[in-house]
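Subject: Model handover and findings

Hello,

Here is the structure I said I would pass on. My notes on what was found in it follow below.

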Amino acid sequence: MTSPARADDRRSLTKRMADASEPYLYSAPALVLIVAVMLVPLVLGISYAFRDIQLLNPFSGGFIGLDHFRALGRDQDFYRALKNTLWWTGASVALQFVFGLILALLLDKPFYGRGLAQALVFLPWAVPSFLAGLNWAWLFNPVIGPLPHWLHALGLLAEPNNILADPQLAMWGPIAANVWWGIPFFAITLLAALQAIPRDLYEAAAIDGAGPVQRFLSITLPFLAPTIAITVLLRTVWVSNFADLIIVMTNGGPADRTQIVASYIFTQAFKRLDFGYASAIALVLLVLLLAYSMLIVLLRQSLLNKG
């Protein structure tokens with residue numbers, strides 16, 4: 001016969017276990033969704049990198065180990081795409097950051113209609129990337145677009161030609177479209193960080209005789225540094241994986257001059273239907289971006305510790 005004390009202990013243990021598991025039960029649906037939507041495709045995609053997955057080959061699907069990575073080490077098109085990715089990402093993120101910071105500094109000043117201006121600044125970010133790429137491709141078309149004629153009038157082009165067809169200039173077309181599309185991200189994010197800076201600091205610095213440049217370097221930039229680090233990190237990862245504008249505007253041409261790693265993955269997977277090789281390229285890109293992300297996170301943490 002069970003004593004009342006033991007029964008109370010068992011009920012107490014059951015209650016403690018129920019209380020301890022309650023948070024996990026509440027979060028279980030979200031965890032199941034994350035596993036189903038994110039982890040399962042990730043593991044499946046990684047497994048493809050070590051298998052021969054060709055949709056037009058009914059005998060494919062077997063395990064081939066590191067064969068895809070050995071082929072990737074000899075793939076000159078991949079190295080060209082990697083070089084183009086560095087140029088595409090570096091130029092896009094740098095220009096987006098510079099123009100976004102300038103726009104944020106302008107919107108931080110009080111003026112009539114500032115709310116409307118902030119809403120209009122966010123407008124390009126709301127445009128679908130496919131539509132943005134299509135519009136910019138039309139703008140660079142000398143038959144229906146004004147940009148080649150404007151560039152020719154400024155002396156930047158010898159003739160009003162389509163720069164998207166010029167191997168030396170083609171990359172600037174998607175970069176221009178990407179800068180226009182991505183400026184609002186930096187502008188809105190940096191504006192929020194600017195508005196969190198105490199105004200008393202600027203007043204004290206002005207009383208001490210600090211000029212606008214000195215106030216920017218000694219107050220604004222240090223306060224913005226952690227936000228700049230995380231926004232540059234996020235935008236770099238997004239732009240590196242962002243092939244929409246490239247595919248719509250140039251499709252990687254002319255002569256693969258605008259082919260980046262993300263669009264090269266698209267070409268291998270959906271044009272050549274080689275999902276195994278495309279997954280190997282994607283896995284290499286994932287490792288490179290993870291290494292870059294770790295460096296930026298460590299840099300941001302050091303900035304926060306100094307602050």
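Leaving out residues up to four places away in sequence, Thr250 touches Leu164, Pro174, Leu245 and Thr258, where contact means heavy atoms within 4.5 Å. Thr250 sits in the loop between α11 (244–249) and α12 (261–270); helices here are DSSP runs of H or I with at least four residues, numbered from the N terminus. Thr250 counts as buried because its relative accessibility is 14% (buried is under 20% relative accessible area, exposed over 50%, partly exposed in between, with a 1.4 Å probe and protein chains only).

The coordinates are those of a predicted model, in which local features need pLDDT of at least 70 and side-chain atom pairs count only at pLDDT 80 or more, while totals for chains, interfaces and linings use all residues. Residues are numbered from 1 along each chain as its sequence is written, and side-chain values use heavy atoms, with hydrogens and water left out.

On confidence, the mean pLDDT of the protein is 86, on the predictor's per-residue scale from 0 to 100. A pLDDT of 70 or more is reached by 95% of the residues. Helix α1 (residues 4–48) has the lowest confidence, with a mean of 76, and helix α3 (residues 76–107) the highest, at 93. Where pLDDT is low, the predicted coordinates should not be read in detail.

Back to the loop between α11 and α12. The side chains of Thr250 and Thr258 make a polar contact at 2.6 Å (a pair of N or O atoms within 3.5 Å; within protein, one must be able to donate a hydrogen and the other to accept it, and residues adjacent in sequence count only if both atoms are side-chain atoms). Thr258 lies in that loop too, and its relative accessible area is 0%, so Thr258 is buried. The Thr258 side chain also reaches the backbone oxygen of Gly253, at 2.5 Å. Apart from neighbours within four places in sequence, the contacts of Thr258 include Asn84, Ala170, Met171, Ile246 and Ser263.

Gly253 and Pro254 are joined by a cis peptide bond, with omega about -5°; Pro254 is in the loop between α11 and α12. Ala255 has a positive phi of about 55° although it is not a glycine, and Asp256 has a positive phi near 60°. Most residues other than glycine have a negative phi, and most peptide bonds are trans. Ala255 is exposed because its relative accessibility is 63%, whereas Asp256, at 31%, is partly exposed.

How many aromatic pairs does the structure hold? There are 13, counting rings of Phe, Tyr and Trp (its six-membered ring) with centres within 6.5 Å; planes under 30 degrees apart are stacked, over 60 edge-to-face and the rest tilted. Trp125 and Phe185 form a stacked pair, 5.7 Å centre to centre with 25° between the planes. This pair links distant parts of the chain, with Trp125 in helix α5 (residues 123–126) and Phe185 in helix α8 (residues 172–195), 60 residues apart. Trp125 is partly exposed at 24% relative accessibility, while Phe185 is buried at 13%. Trp136 and Phe140 form a tilted pair, 5.9 Å centre to centre and 40° between the planes. Trp136 is buried at 15%, and Phe140 is buried at 5%. Ring pairs also link Phe97, Trp125, Trp181, Phe185, Phe186, Trp238 and Phe242 into a cluster.

Lastly, Leu157 is in the loop between α7 (147–153) and α8, and is buried at 13% relative accessible area. Its contacts outside four places in sequence are Pro148, Leu151, His152, Ile163 and Leu169.

Regards

How values were computed
Helix = DSSP H or I, 4+ residues; strand = E, 2+ residues; numbered from the N terminus.
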